Amino acid sequence: MGHLSNDEFFAKLVQLFDSRKGKDHGSIVLTQKRLSYDQPTSESSDETALPDLHPPHPIPILIRATNAKGKEDRKAKEKVKLSTVVDPDALPAFFERYAEVCKLGMVSLKPRDRSKRKGKAKKKSKAAATAA
């Protein structure tokens, strides 16, 4: 599967968030990294121990989103994988829209139940207070 255009990526990301808000709730994994596989690399020297920290020109960013389904779900074609490449000059506008879509989508996600963790923390703090 190839990379989607930025507009297609946002449309499918909204669909992914909407699909997770019903009874089939679950995780959505969002990742981003530099897309440097086709970038020329310069030789390292004494002055530049890590030459890829200072590339000669800006590097595009790869953005990925998935519904975090496991191996069995991949076989059943239920896993959704989305990816797009963002050029450096389009990053500010992209991240504004990306943040907006993610905020709206995360409102509809079910929060984790952390009551067990809070209960254990209270017990530990009470035990520490009585022991001291």
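Which residues touch the most other members of the largest nonpolar core? Of the 17 residues in that core, they are Phe-9, Leu-13, Ile-63, Leu-82, Phe-94 and Tyr-98. A nonpolar core is here a set of buried Ala, Val, Leu, Ile, Met, Phe, Trp, Tyr and Cys residues joined through side-chain atoms within 4.5 Å. Helix 1, strand 2, strand 3 and helix 3 each supply at least two residues of this core.

Good morning, colleagues. What we have before us is a predicted model, in which local features need pLDDT of at least 70 and side-chain atom pairs count only at pLDDT 80 or more, while totals for chains, interfaces and linings use all residues. Residues are numbered from 1 along each chain as its sequence is written, and side-chain values use heavy atoms, with hydrogens and water left out.

Let me begin with the overall arrangement. The protein chain holds four helices and three strands, and along the sequence they follow the pattern α-β-β-α-β-α-α. Helices (H or I, at least four residues) and strands (E, at least two) are DSSP runs, numbered from the N terminus. Of the 132 residues of the chain, 23% count as buried. Buried means under 20% relative accessible area, exposed means over 50%, and partly exposed lies in between, using a 1.4 Å probe and protein chains only. Among contacts with a separation of 6 or more, 71% come from residues 24 or more positions apart; a contact means heavy atoms within 4.5 Å.

The three strands form an open sheet in the order 1-2-3, with antiparallel pairing. Two strands pair if DSSP finds at least two bridges between them. Strand 1 (29-34) and strand 3 (81-86) stand at the edges with a single partner strand each, so one side of each is left without a neighbour in the sheet. On average, and ignoring direction, neighbouring strands of this sheet are turned by 15 degrees against each other. Helix 1 (residues 6-20) packs on the sheet and touches strand 1, strand 2 and strand 3; its direction makes about 150 degrees with that of strand 3. Such axes are lines fitted to C-alpha atoms, for helices over the stretch in contact, and the angles run from 0 to 180 degrees between N-to-C directions.

Strand 2 (residues 61-66) pairs with strand 1 in the antiparallel sense over six bridges. Across this pairing, Thr-31 stands opposite Arg-64, and Gln-32 stands opposite Ile-63. Strand 2 also pairs with strand 3 in the antiparallel sense over six bridges, and there Leu-62 stands opposite Val-85. Strand 2 is mostly covered, with five of its six residues buried.

Two polar residues of the sheet deserve mention. Thr-66, in strand 2, counts as buried at 15% relative accessibility. A polar atom of its side chain lies 2.9 Å from the backbone oxygen of Val-80. Ser-83, in strand 3, is buried with a relative accessible area of 11%. The side chains of Ser-83 and His-3 are joined by a polar contact of 3.0 Å. A polar contact is a pair of N or O atoms within 3.5 Å; within protein, one must be able to donate a hydrogen and the other to accept it, and residues adjacent in sequence count only if both atoms are side-chain atoms.

Finally, the aromatic rings. How many aromatic pairs does a search of the whole structure find? The search finds six. Rings of Phe, Tyr and Trp (its six-membered ring) pair if their centres lie within 6.5 Å; planes under 30 degrees apart count as stacked, over 60 as edge-to-face and the rest as tilted. The rings of Phe-9 and Phe-10 have centres 5.9 Å apart and planes at 65 degrees, so this pair is edge-to-face. Both Phe-9 and Phe-10 are buried. For Phe-95 and Tyr-98, the centres are 5.9 Å apart and the planes at 75 degrees, so that pair is edge-to-face. These two residues are three apart in helix 3 (residues 91-108), and thus separated by about one helical turn. Phe-95 is partly exposed, with a relative accessible area of 29%, whereas Tyr-98 is buried at 10%. Phe-9, Phe-10, Phe-94, Phe-95 and Tyr-98 form one aromatic cluster.

Thank you for your attention.
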